[in-house]
Amino acid sequence: SSLPFCVRFNVPVTRHAATLDTGPVANSYPDGNRTHLFSNHCQYARAAFAPNRRNTLSGFADGLSNTVGLAEVKAYTPRFHDFVSMPNTPPLSAENVSASYTGGSWSAASGHTEWVCGRAIHAGFTSTFAPNTRVLHQQDGVLYDIDVTSSREGRNQTDTTYGVITSRSYHAGIVNVVLMDGAVRSVSSNIDLATWQSLNTKAAGEVVGDF
């Protein structure tokens, strides 16, 4: 789901994580805060789920059938977090992430493992990139497909959390998502990025169409 979710297996595992987004517009990425931004504030959140915020059906103005609630992510994802000098604008491409958006605490296998903690690096995803986009980073001579957050939510009362946390699966060319009306859909890795981002807002007024 784009919100929170721990069972551990020593085999390739996918879990469902929530579309998370909770940032004030003033600090959001220029594309309108499409699930890139997390903070301790929630009044401007645009994704299906956010910390410290209640939802009502009327809040899903784009329609429950046009809003992603949950999507697949890979357990044990390589990750960076607490890179507080991470740029507050989204990377233009996955190729830009390694050079400018990495730093802080590194782990080769701990992203999307501590589901009960509720932080985005474990329990969420962002629509920065389309599903299954490879965000490559070389560490100690090994090439990894990574997730990144600038600061763990709740780490302090001031740092905003920006994230590049990609929905991934072990299926060829798709991820499975759960829409807010309960329908399960397979979404192509080749989905138009604007359509994918629109599916991950709940009341932004986009017309999604077929996907």
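Three aromatic pairs are found in this structure, where rings of Phe, Tyr and Trp (its six-membered ring) pair if their centres lie within 6.5 Å. The model is predicted, so keep in mind that local features need pLDDT of at least 70 and side-chain atom pairs count only at pLDDT 80 or more, while totals for chains, interfaces and linings use all residues. Residues are numbered from 1 along each chain as its sequence is written, and side-chain values use heavy atoms, with hydrogens and water left out.

**Aromatic rings**

- The ring centres of F80 and W106 are 4.8 Å apart and their planes stand at 45°, so this pair is tilted; planes under 30 degrees apart count as stacked, over 60 as edge-to-face and the rest as tilted.
- F80 belongs to strand β4 (residues 77-81) and W106 to strand β5 (residues 105-111), so their pair ties together parts that are 26 residues apart in sequence.
- F80 counts as buried because its relative accessibility is 5%, and W106 counts as partly exposed because its value is 24%; buried means under 20% relative accessible area, exposed over 50% and partly exposed in between, with a 1.4 Å probe and protein chains only.
- W106 also pairs with Y144: their centres are 5.0 Å apart and their planes are at 70°, so the pair is edge-to-face.
- Y144 sits in strand β8 (residues 142-145) and W106 in strand β5, so this pair ties together parts that are 38 residues apart in sequence.

**Charges over rings**

- R185 lies over the face of F211, 4.1 Å from the ring centre; a charge sits over a ring if NZ of Lys or CZ of Arg is within 6 Å of the ring centre and within 35 degrees of the ring normal.
- K202 has its charged end over the ring of F60, at 5.7 Å from the centre.

**The whole protein**

- Three helices and twelve strands make up the secondary structure; helices (H or I, at least four residues) and strands (E, at least two) are DSSP runs, numbered from the N terminus.
- Of the 211 residues, 51% count as buried.
- The accessible surface comes to about 9300 Å², and 51% of that belongs to carbon and sulfur atoms; such areas come from the Shrake-Rupley method with a 1.4 Å probe, and for residues only the protein chains shown count as cover.

**Residues to look up**

- L199 is part of helix α3 (residues 193-199), and L199 is buried, with a relative accessible area of 0%.
- The C-alpha atoms of L199 and A47 are separated by 9.0 Å, and the two residues are 152 residues apart along the chain.
- D82 is not a glycine, yet D82 has a positive phi of about 60°.
- D82 lies in the loop between β4 and α1 (97-100) and is buried, with a relative accessible area of 15%.
- H112, also a residue other than glycine, has a positive phi near 55°.
- H112 is placed in the loop between β5 and α2 (120-123) and is buried, with a relative accessible area of 1%.
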